[in-house]
Amino acid sequence: MGRHFGDLAKIRHVITYSISPFEQRAFPNYFSKGIPNVWRRFTSSVFKVAPPMILMYLTYTWGNHVHEQGKRKNPADYENDK
């Protein structure tokens with residue numbers, strides 16, 4: 001079994017190409033193209049995502065507020081108790 005893991009089987013008529021990891025660039029065009037692309041994608045989707053999220057947040061906070069008000073006792077109901 002003197003073969004390495006990648007050479008366990010010989011496959012015919014398949015050509016593979018690879019580049020050395022030392023010749024690759026880890027972050028090519030990161031600042032010149034990457035960050036503007038992130039900004040473009042963010043601005044294109046923020047108006048689709050933000051309004052429903054804001055609406056759901058306001059509905060959630062309103063529901064919690066109404067629930068807390070409903071749990072309170074009315075002091076007028078207990079004025080004549082001794």
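Visitor: How many positive and negative side chains does the protein chain have, and how far apart do the centres of the two sets lie?
Guide: Lys and Arg count as positive, Asp and Glu as negative, while His and the chain ends are not counted. Each charge is placed at NZ of Lys, CZ of Arg, CG of Asp or CD of Glu. The protein chain has 12 positive and 6 negative side chains, with the centres of the two sets 21 Å apart.

Visitor: What kind of model is this?
Guide: It is a predicted model, where local features need pLDDT of at least 70, side-chain atom pairs count only at pLDDT 80 or more, and totals for chains, interfaces and linings use all residues. Residues are numbered from 1 along each chain as its sequence is written, and side-chain values use heavy atoms, leaving out hydrogens and water.

Visitor: How is a pair of aromatic rings described?
Guide: By the distance of the centres and the angle of the planes. Rings of Phe, Tyr and Trp (its six-membered ring) pair if their centres lie within 6.5 Å; planes under 30 degrees apart are stacked, over 60 edge-to-face, and the rest tilted. The structure holds 3 aromatic pairs. One of them joins phenylalanine 27 and tyrosine 30, edge-to-face at 5.7 Å centre to centre and 65° between the planes. Tyrosine 30 also pairs edge-to-face with phenylalanine 31, at 4.9 Å and 80°. Phe27, Tyr30 and Phe31 form one aromatic cluster.

Visitor: Is phenylalanine 27 buried or exposed?
Guide: Buried means under 20% relative accessible area, exposed over 50%, and partly exposed in between (1.4 Å probe, protein chains only). Phenylalanine 27 is exposed at 66%, and tyrosine 30 is partly exposed at 42%. Buried residues make up 0% of the 82 residues in the protein chain.
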